[in-house]
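Hi,

Here is the structure I promised to pass on. Have a look at it first, and then read my notes below.

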Amino acid sequence: MDWSVIILLALVGVFFLWRSSKNEEKAKVASARLESDTKLYQHIKTGMREYNFREHEGQFWKAKDGKLLFDTAHMSAFHVDHFAETRVGFYFRDLQEYGLYGGFAGNGDEFHDSYYRTDRTFRKEEVLVTLDG
């Protein structure tokens, strides 16, 4: 057998192994992101249940941008001004992360929820990737 063919086959095999390892790395990163985003998403949903439980007679709607709405052992909730959405920002102590909820009333009975990873200013919006749709 010709050595050049053997070397070529070895190089092709090494290339495919390298490509496979790159795909595995991408899959691990995507999986970690999905897991992290899902945890934050679930925390924001829990935060909104607490928010809705505590909201009485529209008192939170009168709050100024960045005002602390309530504080528990696990989270802090803040009013966030937005031109189109109702927004609530959260800081979750166990995750040490900031989350942002946005709600928009559409036509008729339509209502759209948005969930973001954010920073302490609540101006950064990184859409969460989850399997819950």
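Predicted model: local features only at pLDDT ≥ 70, side-chain atom pairs only at ≥ 80, totals over all residues.

Let me start with Q96, which counts as exposed at 62% relative accessibility; here exposed means over 50% relative accessible area, buried means under 20%, and partly exposed is in between (1.4 Å probe, protein chains only). Q96 lies in the loop between β3 (86-92) and β4. Its phi is near 55 degrees, a positive value in a residue other than glycine. Helices (H or I, at least four residues) and strands (E, at least two) are DSSP runs, numbered from the N terminus.

Residues are numbered from 1 along each chain as its sequence is written, and side-chain values use heavy atoms, with hydrogens and water left out.

Next, the rings. The structure holds six aromatic pairs. Rings of Phe, Tyr and Trp (its six-membered ring) pair if their centres lie within 6.5 Å; planes under 30 degrees apart count as stacked, over 60 as edge-to-face and the rest as tilted. Y91 and Y98 make a tilted pair, at 4.7 Å centre to centre with 45 degrees between the planes. Y91 is partly exposed at 22% relative accessibility, whereas Y98 is buried, with a relative accessible area of 18%. Y98 also pairs with F122: the ring centres are 5.8 Å apart and the planes stand at 80 degrees, so this pair is edge-to-face. That pair links distant parts of the chain, with Y98 in strand β4 (residues 97-105) and F122 in the loop between β5 (111-118) and β6 (126-127), 24 residues apart. Taken as a group, F78, Y91, Y98 and F122 form one aromatic cluster.

Is F122 buried or exposed? F122 counts as buried, at 6% relative accessibility.

Now the strands, which pair if DSSP finds at least two bridges between them. Strand β1 (residues 68-71) and β2 pair in the antiparallel sense over three bridges, and D71 stands opposite S76 in β2. These two strands form a hairpin with three residues between them. β2 and β3 are also antiparallel, paired over six bridges, with H79 opposite V88 in β3. Their hairpin has five residues between the strands.

G99 has R117 as its bridge partner in β5. In the hairpin of β4 and β5, which has five residues between the strands, G108 takes a positive phi near 65 degrees. Two bridges then join β5 to β6, which run antiparallel, and here R117 stands opposite E126 in β6.

D37 sits in helix α1 (residues 3-54) and counts as buried at 0% relative accessibility. What does the side chain of D37 reach at 2.8 Å? The backbone nitrogen of V129. A polar contact of 2.7 Å also joins the side chains of D37 and R33. A polar contact here is a pair of N or O atoms within 3.5 Å; within protein, one must be able to donate a hydrogen and the other to accept it, and residues adjacent in sequence count only if both atoms are side-chain atoms. Leaving out residues up to four places away in sequence, D37 touches R117, V127, L128, V129 and T130, where contact means heavy atoms within 4.5 Å.

Over to you!
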